[in-house]
Amino acid sequence: MKRSLIFGFAASLYLAANPVTAQSLTSDTIVMGPGYANSIYYNVLTGEKSSAAMNSWHMAHTTVTRDNCIRINHAAGIEVYAYPNGDNSNFSTMDTTGWHSWKKFYNDVHVHEMGALNQQPNPGNMWDFSWGVYDPNTKEVTGDSLYLFVQLSGGKPSQFYKFMPIKQLVNGNLVFRLATIDGTKDITDTLVTADFPNKSYKYYHFLNGEVNPEPNRDNWDVLFTRYYAPTPAPGGGTVMYLSMGVESKRGTRVSKILPGSWTDINDFLTANGGGLHLNYIDSAYRFPTSNVGLNKDLTRIGSDWKSFNNTTGQWTVHSENMYLVEVNPRNGGDTEFVYLSFSEFGGSATGQIVLNRYVVPRIPGAVSKTSKDLNVQLFPNPANDFVVLQFGKNLGNATVRLFSNTGAQVAQTQVSATENTGTQLPINHLITGIYRLNVETAMGSQSFTFVKQ
C-alpha cells in the first residue's frame with residue numbers, strides 16, 4: 001500500500017508539471033494514397049508506419065493453432081458465396097448456376113476469429129467450425145464446405161474461383177484446393193505457419209501464392225484499411241458498405257471515449273495518480289465519460305470518427321471521439337496505454353488522416369500485471385447454449401470471469417484446470433452479443449472474445 005501511495009503522489013506531481021495539452025500531443029499523418037490504395041500498419045507508441053498495397057493479398061488464415069479463422073480481403077474485390085448443393089466431394093462437379101442467390105458471407109467487423117468462412121457453424125455440433133469439423137483427438141480440422149470466390153474488377157465479376165479447405169493440421173498449416181471455374185488453374189497448396197513468424201495471419205494471393213504484407217506483430221498496433229461494415233440504408237435497414245476505418249491488431253484492447261477532450265484526460269490521470277500501470281488488472285478499464293470498457297473489438301476505433309455530409313460533399317472529423325489503446329508488453333516491458341484522437345481526413349482523394357496521440361508516461365517503479373498464454377482453448381465460437389474451456393496443462397484452480405461488451409462483469413465461477421480436460425460453461429441465459437471471458441490462475445491469465453448467437 002505504501003508503494004502505491006508513493007507512486008500515485010509521484011505521478012500526480014508529474015502530470016501537474018506536464019499537463020496533457022495540445023502542445024504535449026504528438027501529431028502524426030497517415031497517407032493511404034488516392035482511392036485508399038494502401039493499408040497502413042501503425043505503431044501507437046512510436047508513430048512507426050508500414051505500408052502494404054490494399055490488394056496485396058486475397059485470403060488470410062490464423063497463425064494461432066488453437067484457432068481456425070479464415071478471413072477474406074473484400075477490399076481486394078473478393079466476394080464469398082457458400083455452395084449450397086454439396087460438400088468437398090463435389091469440388092470437381094460444382095455447378096455455379098444461380099450463384100447470385102447463394103448465401104453471401106463477410107468477415108465479422110468485431111471479432112478477429114470470425115472470418116468470412118467462419119460464419120455458418122452447425123449449432124448442433126460443438127466441434128463444427130463452419131468450414132470444417134475439429135477432431136479433439138487428432139486436433140485437426142477437416143474441411144467439409146465448398147465456396148465460390150468472385151473476383152470483382154470495376155464492380156463486375158472478372159474471375160470465378162472454387163475453394164475447398166481440406167485440413168488444418170495440428171501445427172496450424174492450412175491445406176486447401178483452389179481452382180478457376182474455367183479450368184485454367186487448379187492447385188492444392190498449403191499455408192505454412194512457420195513461414196509467418198511473429199505475424200497474426202498467414203496471407204495468400206490467388207495468383208502469387210504466399211505473400212507477407214504484415215510487419216512483425218511487435219511493430220504495430222492498429223491498421224488503417226478498408227472493410228465491409230453494416231451501414232444504415234436510405235430507405236431503412238442496413239447494407240454492407242466498403243468503409244475506410246481502423247482495425248485493432250488481434251489481442252489489442254481499446255476503449256472508446258465519447259465525448260472526450262485532452263483536458264478530461266489530464267484531469268482523469270491527475271486524479272488517479274497516473275496509475276494506469278500500477279493499478280492495471282486484466283478487467284475492463286473504464287474512463288468516466290466512456291460507456292465502453294477496454295475490449296478486443298476489431299473495429300472499436302472503426303470509422304465513425306468521421307462522417308460525410310451528402311449536402312455539402314464534405315467530411316467532418318469528430319475530434320471528440322477519443323480512444324485509449326492498451327499496448328501489450330513488448331520485450332519484457334510493461335503494459336502501456338496511448339490515447340488517440342483524429343483531427344483531419346482527406347477522403348478517397350488523398351487517403352490522408354491526421355491524428356493526435358498521447359503516450360501515458362512511464363512512472364519509475366510502476367509495476368504491471370500481464371497476461372500469459374496458458375494454453376487454454378475456447379470453443380465453439382460463435383456459440384448458442386454453452387462454451388467449452390479446454391486446458392492444455394494443469395493450472396490448478398481457475399477463476400473464470402465473464403464480461404459483456406460494455407465491460408460489465410456478468411458472471412464469475414471457479415473451475416478446476418486439469419490438462420486435456422474440458423469444462424462446459426452455460427451461456428443460454430445471455431442475450432445475443434459479444435462477450436469477453438477471462439481465465440485467471442496463479443500462473444497468469446488469458447482472455448477470449450466470443451459471440452453469443
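User: In what order do the 4 strands of the open sheet stand, and is the pairing parallel or antiparallel?

Analyst: Strands of a sheet pair through backbone hydrogen bonds, either parallel or antiparallel. Here the order is E27-E26-E29-E30, and the pairing is antiparallel. This is a predicted model, where local features need pLDDT of at least 70 and side-chain atom pairs count only at pLDDT 80 or more, while totals for chains, interfaces and linings use all residues. Residues are numbered from 1 along each chain as its sequence is written, and side-chain values use heavy atoms, with hydrogens and water left out.

User: What counts as a strand, and when do two strands pair?

Analyst: Strands (E, at least two residues) are DSSP runs, numbered from the N terminus. Two of them pair if DSSP finds at least two bridges between them.

User: Over how many bridges do E26 and E29 pair?

Analyst: E26 (residues 396-403) and E29 (residues 433-441) pair over 5 bridges, in the antiparallel sense. Arg 401 stands opposite Asn 438 in E29.

User: Which strands pair with E11?

Analyst: Take E9 (residues 140-143). It pairs with E11 (residues 156-168) over 2 bridges, antiparallel. Thr 142 faces Lys 167 of E11 as its opposite residue. Strand E10 (residues 147-153) also pairs with E11 in the antiparallel sense, over 7 bridges. There, Tyr 147 has Phe 163 as its bridge partner. E12 (residues 174-180) is joined to E11 by 7 bridges, and the two run antiparallel. Tyr 161 stands opposite Thr 180 in E12.

User: How many residues lie between the strands in the hairpin of E10 and E11, and how many in that of E11 and E12?

Analyst: The hairpin of E10 and E11 has 2 residues between the strands, and Gly 154 takes a positive phi near 65°. The hairpin of E11 and E12 has 5 residues between them. Gly 172 in that turn has a positive phi of about 95°.

User: How many cavities does a search of the whole structure find?

Analyst: Rolling a probe the size of a water molecule over the atoms shows where empty space is left. On a 1 Å grid over the protein atoms alone, a cavity is a set of points where a 1.4 Å probe fits but cannot get out. A pocket is an open set with protein on both sides within 12 Å along at least five of seven lines, and lining residues have an atom within 4 Å of a point. Grid points are joined across faces, edges and corners, and a volume is the space filled by probe spheres set on the points. The search finds 3 cavities of 30 Å³ or more.

User: What lines the largest cavity?

Analyst: The largest cavity holds about 420 Å³ of space. Its lining has 32 residues, with Trp 57, Arg 71, Leu 223, Thr 225 and Glu 247 nearest the centre. E16 gives the largest share, 5 residues. By class, the lining has 17 nonpolar, 10 polar and 5 charged residues. Ala, Val, Leu, Ile, Met, Phe, Trp, Tyr, Cys and Pro count as nonpolar, Asp, Glu, Lys and Arg as charged, and the others, Gly among them, as polar.

User: What is the volume of the second largest pocket?

Analyst: About 850 Å³. It is lined by 28 residues, and Thr 231, Tyr 241, Ser 243, Ser 303 and Lys 306 are the closest to its centre. Here too E16 supplies the largest share, 6 residues. The lining has 15 nonpolar, 8 polar and 5 charged residues.

User: How many aromatic pairs are found?

Analyst: A pair of aromatic rings is described by the distance of the centres and the angle of the planes. Rings of Phe, Tyr and Trp (its six-membered ring) pair if their centres lie within 6.5 Å; planes under 30 degrees apart count as stacked, over 60 as edge-to-face and the rest as tilted. The whole structure has 25 aromatic pairs. The rings of Tyr 42 and Phe 224 have centres 6.1 Å apart and planes at 85°, so the pair is edge-to-face. Tyr 42 lies in E2 and Phe 224 in E16, so the pair ties together parts 182 residues apart in sequence.

User: Are Tyr 42 and Phe 224 buried or exposed?

Analyst: Both are buried. Buried means under 20% relative accessible area, exposed over 50%, partly exposed in between (1.4 Å probe, protein chains only).
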